[in-house]
Amino acid sequence: MGVPLDSREEQAVEVIDRLEEAYPDSTISLDYSNRLELLVAVVLSAQCTDERVNGVTADLFETYRTPEDYARASEAELADAIYGITFHNNKAGYLKGIGRIVAEEHDGEVPDTMSALTDLPGVGRKTANVVLQHGHDIVEGIVVDTHVRRLSRRLGLTEEERPERIEADLLPVVPESKWQVFTHLLIDHGRATCTARNPDCSDCVLEDVCPSSKLDHDVDLASGESWD
Ligand code: SF4
């Protein structure tokens, strides 16, 4: 019986409560040990799985330890070092540019503001939010990736389609103290149960509050199309 709570605020709190119980250790799944590694890992993770990124960064971080290391390397060398990552040629250029700007304009330190971060090549608001949250303990927004987009729509928390509109729509609805964990909870549930193509509604802790539940709804609110 997928019936959402009366308001989006109540629905958000209920979703968070249940998912926190289901995924008590929910957090970022990229491997890193400092801010530069975090930034590099998040840039590499765009349209790529965290597992694949972690497989590549284990060696990459041994070789490239400072912003200058990335700035000095050729793009071909960097592309080779991150081979296997989606769009590795483009991302090699981003890493080189990031290394140069961080070294020359930020004294070698990863910046701690949204505007300075989004001035770096390959860094959009989503990447910047992750770096601010996990690198600097600054939570300015909600990271909206493909899982957060899909699940927020399925669960009736937003009807927006673009990540930045979804974020703006969610900010007044999700309690501020939960902005960071909200993302990780939805990612965990999106991977484990509420997958893109074949969500397992019959084994979902949110089934009775989900207006997209396949058990009694015809439409997947994420896509607006019928379940087949
Ligand atoms: S798995 Fe099904 S019931 Fe659970 S959140 Fe996803 S669409 Fe809703």
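The model is a predicted one. Cysteine 210 counts as buried because it has 27 C-beta neighbours inside 10 Å, the threshold being 20 or more. Setting aside residues up to four places away in sequence, cysteine 210 touches Gly2, Arg154, Leu155 and Cys204.

Beyond its neighbours within four places in sequence, the contacts of cysteine 204 are Thr193, Cys194 and Cys210.

In an unreviewed UniProt entry, the annotation "binding site" covers Cys194, Cys201, Cys204 and Cys210. These residues span 17 residues in sequence, yet no two of their C-alpha atoms are more than 11.0 Å apart, so they gather at one spot.

Display the ligand and its surroundings. The ligand is surrounded by 14 residues, and the closest are Cys194, Pro199, Cys201, Cys204 and Cys210. By residue class, this shell comprises 7 nonpolar, 3 polar and 4 charged residues.

Select residues 44–192 next. The unreviewed UniProt entry places the feature "domain: HhH-GPD" there.

Colour the chain by domain. Domain 1 consists of 8–26 + 143–226, while domain 2 covers 35–136. Taken over C-alpha atoms, the centres of domain 1 and domain 2 are separated by 29 Å. Where they meet, domain 1 contributes 6 residues to the contact and domain 2 contributes 5 residues. On the side of domain 1 that touches domain 2, there are 3 nonpolar, 1 polar and 2 charged residues.

Finally, show the whole chain as a cartoon. The secondary structure amounts to 11 helices and 2 strands, and reading from the N terminus the order is α-α-α-α-α-α-α-α-α-α-α-β-β. The C-alpha trace spans about 60 × 30 × 30 Å along its principal axes. For 228 residues, a compact globule would have a radius of gyration near 17 Å; the chain has 19 Å, which agrees. Of the 228 residues, 37% are buried. Among contacts between residues at least 6 apart in sequence, 59% join residues at least 24 apart.

Terms used:
Residues numbered from 1 in each chain as written. Predicted model: local features only at pLDDT ≥ 70, side-chain atom pairs only at ≥ 80, totals over all residues. Domains from an automatic or database assignment. Contact = placed C-beta atoms within 7 Å. Nonpolar A, V, L, I, M, F, W, Y, C, P; charged D, E, K, R; others polar. Near = placed C-beta within 6 Å. Helix = DSSP H or I, 4+ residues; strand = E, 2+ residues; numbered from the N terminus. Rg over C-alpha atoms; globule rule 2.2 N^0.38 Å. Buried ≥ 20, exposed ≤ 12 C-beta atoms within 10 Å, placed from the backbone. UniProt positions renumbered as here; feature names shortened; annotations may be inferred.
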